[in-house]
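Hi there,

Here is the structure I promised to pass on to you.

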Amino acid sequence: MPFFKECQQLNLRLFECPSFLFVIMGLVTIIAIISTYFVTSYYAGPEIVIVATASAAMVSFVIGHFVVRSVSRIAQAHQMQSDFVSIASHQLRTPLSLIKWAIERKNLDIIKQANQRMLKLVNDLLNVARIEQGQFKLQKEKFDLSKLIREIVQELKTFTQANNAKIILPDQSLVIFADKLKIKMVLENLINNALLYGGKKIIIKLNNNKIVSIQDNGVGIPKEQQKQVFEKFFRANNVLRHQTQGTGLGLYVCQAIIQAHQGKIWFKSKENKGTTFYIKLNKKT
Amino acid sequence: MKKTILLIEDEANLQKLLGEQLEEQNFTVLRALNGEIGIKKALEHRPNLILLDLILPKKNGFEVLRDLKANQATKDIPVIILTNLENASEIQKALALGATTYLVKTNYQLEEIIKKIKECALKINN
């Protein structure tokens with residue numbers, strides 16, 4: 001039967017499997033209708049029988065719907081967890097293989113690069129785990145956002161020059177009350193992405209409504225993939241993996257940080273034209 | 001005569017390490033960084049052996065394997081899956097699609113991978 005295969009694939013017991021439960025709840029509804037019909041027709045008139053049978057059908061259908069929906073969500077979460085572990089372990093194994101083979105070939109450069117990559121992945125995974133477990137605590141302080149942006153751009157100077165890119169800094173200053181380290185992580189990620197994904201001219205703007213925008217003229221994000229951009233491990237199809245060593249977790253973490261600040265993050269993008277990411281910070285930030 | 005190996009692997013550094021070692025072992029190495037280029041080169045050059053990663057951009061390894069085995073020109077070229085996916089269902093799927101063997105990169109030293117490739121290459125002779 002098809003649901004046995006589905007349950008096996010999802011690694012679930014039969015009674016945890018949404019498809020199987022759907023069939024069971026269907027049978028329960030039918031039994032409820034038939035038994036209500038026979039019981040009420042024994043004791044009451046046709047009008048009562050119709051009302052009672054219809055009510056029994058509706059109640060069992062509604063209960064069945066909620067039961068199957070809840071179990072379906074649990075199964076989905078279970079599958080996502082399993083996929084996450086599978087993808088994370090595959091991503092960790094790649095730099096591990098590189099280090100293993102590079103040691104044999106005595107290639108120090110590759111060992112260094114792979115080591116950096118593993119460190120970044122482990123940090124990203126730990127951040128994701130903290131987000132999932134609600135351990136994402138904010139340590140807020142007052143700081144100048146434009147000054148922070150200048151610091152990040154300075155740190156990325158070598159990478160910017162290597163890419164023949166130019167970054168235009170915001171001309172206005174903006175003081176905010178937020179977790180400086182985490183906001184730095186977000187901005188670093190977005191500016192880094194702008195450079196990685198082909199941007200030669202990157203414009204960073206700030207405005208008095210606490211909106212930060214980072215605009216690039218890079219490869220853009222294909223329209224059919226834009227909905228998935230903030231999902232874990234998402235990488236767009238139009239970027240060859242060998243060109244970018246990202247983990248696919250950066251934007252998921254950025255979104256979590258901005259949402260923890262009660263802010264909003266979104267983007268506008270057109271393939272081959274570029275992307276602009278926007279962050280709107282809460283008034284209290 | 002020198003044997004030709006087509007390496008379909010999107011990790012540039014892995015390509016470099018494996019490719020160089022294979023060239024030292026007197027193989028001609030063709031390289032492809034994604035599934036589409038991999039199929040194109042397989043049809044163009046008809047290599048003696050194909051090393052195929054599974055997680056690839058443009059076209060994944062399973063799709064590439066399916067296409068290679070469906071094409072008269074490439075269906076008899078032995079394919080060794082070289083991947084870091086260790087799931088039993090993926091291994092079964094690849095072998096069912098016609099892969100000769102399945103090697104998980106992290107489980108082997110480079111020397112051991114080369115040894116297995118040479119064993120497979122020798123079988124082609126016979």
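This is a predicted model: local features need pLDDT of at least 70, side-chain atom pairs count only at pLDDT 80 or more; totals for chains, interfaces and linings use all residues.

**Helices 3 and 4 of chain A**

On the helix 3 side, the residues in contact include A:Phe84, A:Leu92, A:Pro95, A:Ile99 and A:Ile103. Helix 4 of chain A contributes, among them, A:Ile110, A:Ala114, A:Arg117, A:Met118, A:Leu121 and A:Val128. By type, the contact residues of this pair are 17 nonpolar, three polar and one charged.

**Helices 7 and 8 of chain A**

The other pair is helix 7 (residues 180-196) of chain A with helix 8 (residues 250-260) of chain A; the axes come within 9 Å and cross at roughly 140°. Helix 7 of chain A and helix 8 of chain A are therefore oblique to each other. This crossing, too, is left-handed. From helix 7 of chain A, the contact takes in A:Lys182, A:Ile183, A:Met185, A:Val186, A:Asn189, A:Leu190 and A:Asn193. Facing them from helix 8 of chain A are A:Gly250, A:Leu251, A:Val253, A:Cys254, A:Ile257 and A:Ile258.

**Chain A against chain B**

Between the chains, 19 residues of chain A touch 28 residues of chain B. About 2,400 Å² is buried between chain A and chain B, with 57% of that area coming from carbon and sulfur atoms.

How many salt bridges are there between chain A and chain B? The count is three, while over all chains it comes to 13. A:Arg105 is worth a look in your viewer. Its side chain meets that of B:Glu24 in a salt bridge, at 2.8 Å from N to O. That pair runs from helix 1 (residues 12-24) of chain B, where B:Glu24 sits, to the loop between helix 3 and helix 4 of chain A, which holds A:Arg105. A:Arg105 also forms a salt bridge with B:Glu20, with the closest N and O atoms 3.4 Å apart. The loop that carries A:Arg105 thus lies between the two helices of the pair I began with.

Best wishes

Notes
Residues are numbered from 1 along each chain as its sequence is written. Chains are lettered from A and ligands numbered from 1 in the order in which they are written. Side-chain values use heavy atoms; hydrogens and water are left out. Contact means heavy atoms within 4.5 Å. Helices (H or I, at least four residues) and strands (E, at least two) are DSSP runs, numbered from the N terminus. Ala, Val, Leu, Ile, Met, Phe, Trp, Tyr, Cys and Pro count as nonpolar, Asp, Glu, Lys and Arg as charged, and the others, Gly among them, as polar. Buried area is the accessible area (1.4 Å probe) that two parts lose on being put together, summed over both. A salt bridge is a side-chain nitrogen of Lys or Arg within 4 Å of a carboxyl oxygen of Asp or Glu. Axes are lines fitted to C-alpha atoms, for helices over the stretch in contact, and angles run from 0 to 180 degrees between N-to-C directions. Angles under 35 degrees count as roughly parallel, over 145 as roughly antiparallel, 65 to 115 as roughly perpendicular and the rest as oblique. A crossing is left-handed if the near helix is turned anticlockwise from the far one by less than a right angle, and right-handed if clockwise.
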